[in-house]
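Subject: Structure handover

Hello,

Here is the structure I promised to pass on.

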Amino acid sequence: MPASPPHASNRPRPARWLSSGNSITQQFLSLGGRPDIVSLAGGLPAAELYPVAEIAAASTRALARWGAVALEYGPVEGLPALRAAIAGRVSAAAGRPFGSENVLLTTGAMQGLDLLGKALIDEGDLIVAQFPTYLGALDAWRPRQPRYARLDWTFAEPTFEATLRQAKFAYAVPNYSNPTGVLVPQGQREALLDTVLAAGTWLVEDDPYLPLQLDGPAPPSILASHAARHPDGPYDGPVIYLGTLSKSLVPGLRVGWVVAEAGMIATLALAKQSTDLSSSMLTQAIALDLIESGFEARHVPPMLAAYRERRDALCAAMSSHLSDWFTWEVPPGGMFVWATARDPGFDTNALYAHALAEQVAFVPSSVFDPDGVLTNAIRLNFTRSSPERLVEGVRRLERAVRRYLAARPGRAA
Ligand SMILES: Cc1ncc(COP(=O)(O)O)c(C=O)c1O
């Protein structure tokens with residue numbers, strides 16, 4: 001008689017890194033699907049503004065133009081015509097030529113982050129990351145088990161350059177950062193570039209929020225700053241720039257790109273080959289159509305008007321309901337307001353349970369800290385919900401704060 005099979009619970013367990021909080025992103029995204037909860041947690045655009053009919057028409061045109069090519073595996077570096085279009089866009093913004101050899105098309109900017117982890121990070125390597133740090137980057141790099149140091153935009157720490165010299169790369173989101181919404185001024189961008197150059201390391205500039213400029217233009221990218229110093233010849237700078245169509249069009253296309261010197265692009269392409277062979281040629285062909293037809297450029301301004309209204313509604317409601325306990329800056333772009341508790345002992349992890357009881361969700365600051373110890377701030381998204389829902393969400397949040405304070409031992413509200 002065959003031995004009875006071992007119980008399913010005795011089967012080998014997933015790799016160790018998976019046990020450390022990686023479901024957090026999914027958990028926050030899934031809250032968005034619950035109508036009873038006002039979710040200010042996810043980092044999602046306004047779905048009702050997605051240009052469904054225009055994307056249907058672009059799909060038809062793309063299939064007519066590319067036929068079977070759009071349905072094949074493609075070159076690992078991406079659809080050549082779209083690579084060239086992105087190279088053209090970056091060249092125009094940077095004021096110097098970039099060629100297709102400087103562009104790798106990726107399955108969203110998220111894949112660019114993942115490939116950087118795969119291609120560059122060995123266990124224990126140091127990353128100097130803007131703090132607080134985009135959760136998706138921490139997630140992408142967690143399997144590689146890096147160490148983190150903080151990117152100090154004040155450059156007050158005299159050992160910062162020495163720290164950078166030890167690092168595999170610096171990681172920055174200078175435009176309307178996720179999670180803080182901060183726009184880094186040009187002087188600090190230049191200072192970071194100088195320090196990276198002096199330290200001889202790489203600088204990953206993650207720029208998904210570039211199109212979401214709500215209060216006027218952003219300063220030039222760090223890539224453009226470097227390009228201005230070296231206007232001729234093949235690009236050989238330290239900047240590895242990540243872009244995406246997720247914010248200017250829709251995240252569902254999953255079209256992003258990495259721009260870097262050609263050797264780095266070849267390294268990342270090698271890493272990409274064993275990940276997915278190629279990104280979807282169909283969505284790249286659709287993206288090319290939406291760019292070449294000028295639709296992307298036409299789509300952004302009305303979307304920004306809607307986002308501005310939402311940001312202002314959220315901030316006005318916060319002023320009425322949360323200012324006794326939190327402070328914040330109105331973000332000049334992007335998707336998020338970052339609010340810091342006046343009381344440094346305020347624990348937003350504990351607030352979260354009360355918020356869910358009041359049917360509102362936010363992202364607590366601890367998930368944006370590699371060490372998980374930043375617990376006195378919250379990230380609120382303003383792009384996904386209508387102004388009315390945002391106001392209702394903030395009302396619920398006020399009730400959650402009162403519950404939290406009442407439940408806190410030994411503290412008065
Ligand atoms: C800082 C940052 N980088 C990268 C991404 C990933 O973007 P994509 O949708 O292109 O994968 C996001 C998404 O919100 C982000 O906030």
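This is a predicted model: local features need pLDDT of at least 70, side-chain atom pairs count only at pLDDT 80 or more; totals for chains, interfaces and linings use all residues.

Domains

Start with the overall division. The protein splits into two domains. Domain 1 takes residues 18-49 and 299-407. Domain 2 is residues 52-293. Their C-alpha centres are 26 Å apart. On the domain 1 side, 27 residues take part in the contact, and on the domain 2 side 26 residues do.

How much area is buried between domain 1 and domain 2? About 2400 Å². Carbon and sulfur atoms give 65% of that area. Three residues stand out on the domain 1 side: Pro 332, Phe 368 and Pro 370. Together they supply 23% of the area that domain 1 buries against domain 2, more than any other three residues.

Helix pairs

Two packed helices are described by the angle between their axes and the distance between the axes. I use both below.

H2 and H10. Helix H2 covers residues 52-66, and helix H10 covers residues 281-292. Their axes come within 8 Å and cross at roughly 110°. Angles of 65 to 115 degrees count as roughly perpendicular, so H2 is roughly perpendicular to H10. The crossing is right-handed. From H2, the contact includes Ile 55, Ala 58, Ala 62 and Trp 66. From H10, Leu 282, Ala 285, Ile 286 and Leu 290 are among the residues they meet. By class, the contact of H2 with H10 has 10 nonpolar residues, one polar and five charged.

H7 and H8. Helix H7 is residues 186-199, and helix H8 is residues 222-229. The axes come within 10 Å, with a crossing angle of roughly 65°. H7 and H8 are therefore roughly perpendicular to each other. H7 passes H8 in a right-handed crossing. H7 brings Gln 186, Arg 189, Glu 190, Leu 192, Leu 193, Asp 194 and Leu 197 to the contact. H8 brings Ile 222, Ser 225, His 226 and Arg 229. In the contact of H7 with H8, four residues are nonpolar, three polar and four charged.

H11 and H13. Which way do H11 and H13 run, parallel or perpendicular? Helix H11 spans residues 295-321, and helix H13 spans residues 387-407. Their axes come within 9 Å and cross at roughly 25°. Angles under 35 degrees count as roughly parallel, so H11 is roughly parallel to H13. This crossing of H11 and H13 is right-handed. Contact residues of H11 include Ala 313, Leu 314, Ala 317 and Met 318. Those of H13 include Leu 390, Val 391 and Val 394. The contact of H11 with H13 counts eight nonpolar residues, one polar and four charged.

Backbone details

Look next at two prolines. Phe 131 and Pro 132 are joined by a cis peptide bond, with omega about -10°. Pro 132 sits in the loop between strand S3 (126-130) and helix H5 (135-141). A cis peptide bond also joins Asn 178 and Pro 179, where omega is about 20°. Pro 179 lies in the loop between strand S5 (169-172) and H7.

Where is Tyr 176 found? In the loop between S5 and H7. Tyr 176 has a phi near 50°, a positive value in a residue other than glycine.

Over to you.

Best wishes

Terms used:
Residues are numbered from 1 along each chain as its sequence is written. Side-chain values use heavy atoms; hydrogens and water are left out. Axes are lines fitted to C-alpha atoms, for helices over the stretch in contact, and angles run from 0 to 180 degrees between N-to-C directions. Helices (H or I, at least four residues) and strands (E, at least two) are DSSP runs, numbered from the N terminus. Angles under 35 degrees count as roughly parallel, over 145 as roughly antiparallel, 65 to 115 as roughly perpendicular and the rest as oblique. A crossing is left-handed if the near helix is turned anticlockwise from the far one by less than a right angle, and right-handed if clockwise. Contact means heavy atoms within 4.5 Å. Ala, Val, Leu, Ile, Met, Phe, Trp, Tyr, Cys and Pro count as nonpolar, Asp, Glu, Lys and Arg as charged, and the others, Gly among them, as polar. Domain bounds come from an automatic or database domain assignment. Buried area is the accessible area (1.4 Å probe) that two parts lose on being put together, summed over both.
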